[in-house]
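Please look through the sequence and the model below.

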Amino acid sequence: MTTTMDAFPDPLANDRHRAWAAFERGDHSELQVVCQRLIGHPAGAAQGHFLLGMSQTARGRPDLALPHLRQAAAMQPTPAWLAQVARALVQLRREQDAIAAADQALALGPRDALTQDTLGCVYSHSGRHAQALPLFQAAVAQRPQQPQYLYNLASTLGFLGRFAEAEQRYEQILAIEPRFVKAHAALPGLRKQTPEANHVARLEALLPDATADEYLHLGYALAREYEDLKRHDDAFAVLARINRRRKAELGYDIGLDRDNVQRLMQRFGDPGYFHGEGDPDPSPIFVLGLPRTGTTLVDRILASHPQVESAGELQTLPIALKQMAATRSPLVLDPETIDAVARLDPAALGRRYLEQCASRRNGRPRFTDKLPLNFLHAGYIACALPNARIVCLRRHPLDSIWSNFKHLFSTRFSYYNYSYDLLDAAAYYLLFDQLMAFWQQRWPGRILEVSYEQLVDEQEQQTRRLLDHCGLEWSQRCLSFHENTGAVATPSAAQVRQPIYRSALARWRAYETQLRPVIDYFERNGIAL
């Protein structure tokens with residue numbers, strides 16, 4: 001018997017099948033040809049645009065993906081397709097638009113695990129970890145054996161301070177996929193390791209046949225556990241071996257960073273460079289300094305004030321600066337970009353920054369932006385946002401070097417490539433010190449420098465000094481920052497949920513012998529120890 005559907009077969013069935021097959025095998029040329037045919041037919045246009053968009057996403061071109069994905073979602077506004085629009089917008093750093101697309105998808109009731117996880121990632125990347133959590137939980141409920149979904153859930157639990165649950169989820173991942181290195185790398189940061197409860201034997205067993213990427217993540221995790229167990233020589237030996245290999249892979253040259261600092265001081269030495277009124281908005285508080293020097297602690301103290309909220313560790317200002325400079329170099333900051341900024345209007349940069357931060361704000365009159373490496377951009381902040389407050393963290397030079405050397409920063413960015421070699425890190429510290437001295441001379445009183453050690457020893461006195469600089473009235477809540485329940489998406493997430501402690505002071509002394517070349521370098525260059 002012939003059915004109605006048999007009588008009217010889908011004329012696009014062959015092209016639909018060919019398009020999906022081309023997408024799955026990564027054949028972009030074939031996909032382009034077939035999808036153009038689908039787009040030329042009203043019944044196939046939405047699918048054609050969607051697959052072209054997904055293909056561009058897979059190729060790392062969200063800029064080319066977005067128009068196709070938006071066209072597909074306009075024709076068929078499904079949760080899955082809107083989620084992919086939101087994902088592309090996040091990759092393009094258009095957070096407000098991404099959140100709007102994600103909210104639209106969420107309102108339609110996504111039911112499949114992939115869409116739930118994708119939306120969770122959009123909210124998480126936009127700093128909305130509490131909104132991401134139920135989506136990750138829903139995805140895992142449907143696909144409890146999917147390691148990446150479990151990892152996204154575990155990470156978010158950690159950001160929200162639910163460390164025991166996060167540890168349980170990471171262990172669940174490793175029961176499914178024993179070599180899921182991101183789970184191994186995350187576990188040591190959830191709690192201090194003890195002789196009775198640690199992962200040393202498991203990590204040691206995985207290292208001998210690890211790939212280069214696995215070795216990097218497993219080695220850092222092992223070194224952290226060795227340090228918790230006071231096996232300092234073992235910790236240093238592992239780090240020295242890993243970092244030596246990593247530096248060789250990257251071919252890092254401190255000269256690139258030196259060129260940036262010298263060009264910044266040269267250009268800002270001219271009062272006419274990047275000159276203008278700026279945007280008068282007083283709401284931002286920038287917390288900057290070298291990484292791993294107490295910036296998260298100060299951010300947490302400030303965000304405990306009833307007038308302040310934390311916007312997180314934002315790339316907003318450097319990205320806005322790069323986009324407005326419109327230089328073609330792949331680096332966010334380089335001499336070419338620094339020169340190109342000369343023609344920009346400071347007020348326009350300030351407005352753009354504030355507009356792009358809007359999606360991170362929840363109604364309080366002031367907000368913190370805690371990107372440590374904004375110390376490179378302090379001059380631009382001072383010009384573009386003349387009423388913003390700037391706080392710079394200082395930590396003992398040797399603790400600064402050691403804390404950078406032992407921490408695995410994001411491997412997606414080149415900003416931290418100095419950290420794989422002790423003397424490179426020392427040279428970078430010297431550049432930081434020189435640039436901060438220049439900023440202080442150029443804008444006296446604009447930047448408050450806070451000593452991490454003094455903050456630990458004199459918590460109330462230094463907190464009062466901090467609030468006074470930021471134009472904030474005293475609040476006792478700032479002394480109880482560890483009771484703040486807001487999400488923390490930095491490596492210090494566990495530490496800042498405890499009261500201030502002294503155990504992080506002078507950790508370098510356990511490695512004094514290994515740090516002797518750094519000590520000699522600092523003494524030759526006039527850095528007080």
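## Report on selected features

Ala326 is exposed, with a relative accessible area of 55%; exposed means over 50% relative accessible area, buried means under 20%, and partly exposed lies in between (1.4 Å probe, protein chains only). This is a predicted model, in which local features need pLDDT of at least 70 and side-chain atom pairs count only at pLDDT 80 or more, while totals for chains, interfaces and linings use all residues. Residues are numbered from 1 along each chain as its sequence is written, and side-chain values use heavy atoms, with hydrogens and water left out.

Ala326 sits in the loop between helix 18 and helix 19 (335-340). Helices here are DSSP runs (H or I, at least four residues), numbered from the N terminus. Although Ala326 is not a glycine, its phi is positive, at about 55°. Lys230, also a residue other than glycine, has a positive phi near 60°. The loop that holds Lys230 runs between helix 14 and helix 15, and this residue is exposed, with a relative accessible area of 64%. As background, most residues other than glycine have a negative phi.

The table lists some of them with their relative accessible areas.

| Residue | Relative accessible area | State |
|---|---|---|
| His199 | 8% | buried |
| Thr316 | 14% | buried |
| Leu119 | 0% | buried |
| Cys383 | 12% | buried |
| Cys478 | 0% | buried |

His199 lies in a loop, between helix 12 (181-186) and helix 13 (200-206). What does the side chain of His199 make a polar contact with? The partner is the side chain of Glu225, at 2.6 Å. A polar contact is a pair of N or O atoms within 3.5 Å; within protein, one must be able to donate a hydrogen and the other to accept it, and residues adjacent in sequence count only if both atoms are side-chain atoms. Leaving aside neighbours within four places in sequence, His199 is in contact (heavy atoms within 4.5 Å) with Glu167, Glu171, Leu187, Arg191, Gln193 and Glu225.

Thr316 is placed in helix 18 (residues 316-325). With neighbours within four places in sequence left aside, Thr316 is in contact with Tyr353, Gln356 and Cys357.

Leu119 belongs to helix 8 (residues 113-125). Not counting residues up to four places away in sequence, Leu119 touches Ala83, Ala102, Ala105, Leu106, Pro110 and Leu135. Arg87 is 32 residues from Leu119 along the chain, and the C-alpha atoms of the two are separated by 7.7 Å.

How many disulfides does a search of the whole structure find? The search finds zero, a disulfide being a pair of cysteine sulfur atoms within 2.5 Å. For Cys383, the closest cysteine sulfur is in Cys392, 17 Å away, which is too far for a bond. Cys478 is in no disulfide either, and the nearest cysteine sulfur, that of Cys470, is 9.7 Å away.

The report now turns to cores. A nonpolar core is a set of buried Ala, Val, Leu, Ile, Met, Phe, Trp, Tyr and Cys residues joined through side-chain atoms within 4.5 Å. The largest nonpolar core has 92 residues, of which Phe375, Tyr380 and Trp439 touch the most other members. Helix 23 (residues 422-442) gives the most to this core, with 13 residues. Apart from this core lies another, of 57 residues, among them Ile99, Ala101, Val122 and Ala186. In soluble globular proteins, nonpolar side chains tend to be buried together.

Phe375 touches Leu288, Gly289, Leu290, Tyr428, Phe432, Leu435, Met436 and Trp439, not counting residues up to four places away in sequence.

Why is helix 22 described as largely enclosed by the rest of the structure? Nine of the nine residues of helix 22 (residues 397-405) are buried, so this helix is largely enclosed. Its buried residues include Trp402 and Phe405. The buried residues of helix 22 pack against helix 14 (212-228), helix 15 (232-250), helix 23, helix 24 (452-457) and helix 26 (516-524).

The last item is a pair of helices. The axes of helix 9 (residues 129-142) and helix 10 (residues 147-159) come within 9 Å and cross at roughly 150°. Axes are lines fitted to C-alpha atoms, for helices over the stretch in contact, and angles run from 0 to 180 degrees between N-to-C directions. Residues that make the contact include Leu133 and Phe136 of helix 9 and Leu153 and Leu157 of helix 10.

Terms used
Helix = DSSP H or I, 4+ residues; strand = E, 2+ residues; numbered from the N terminus.
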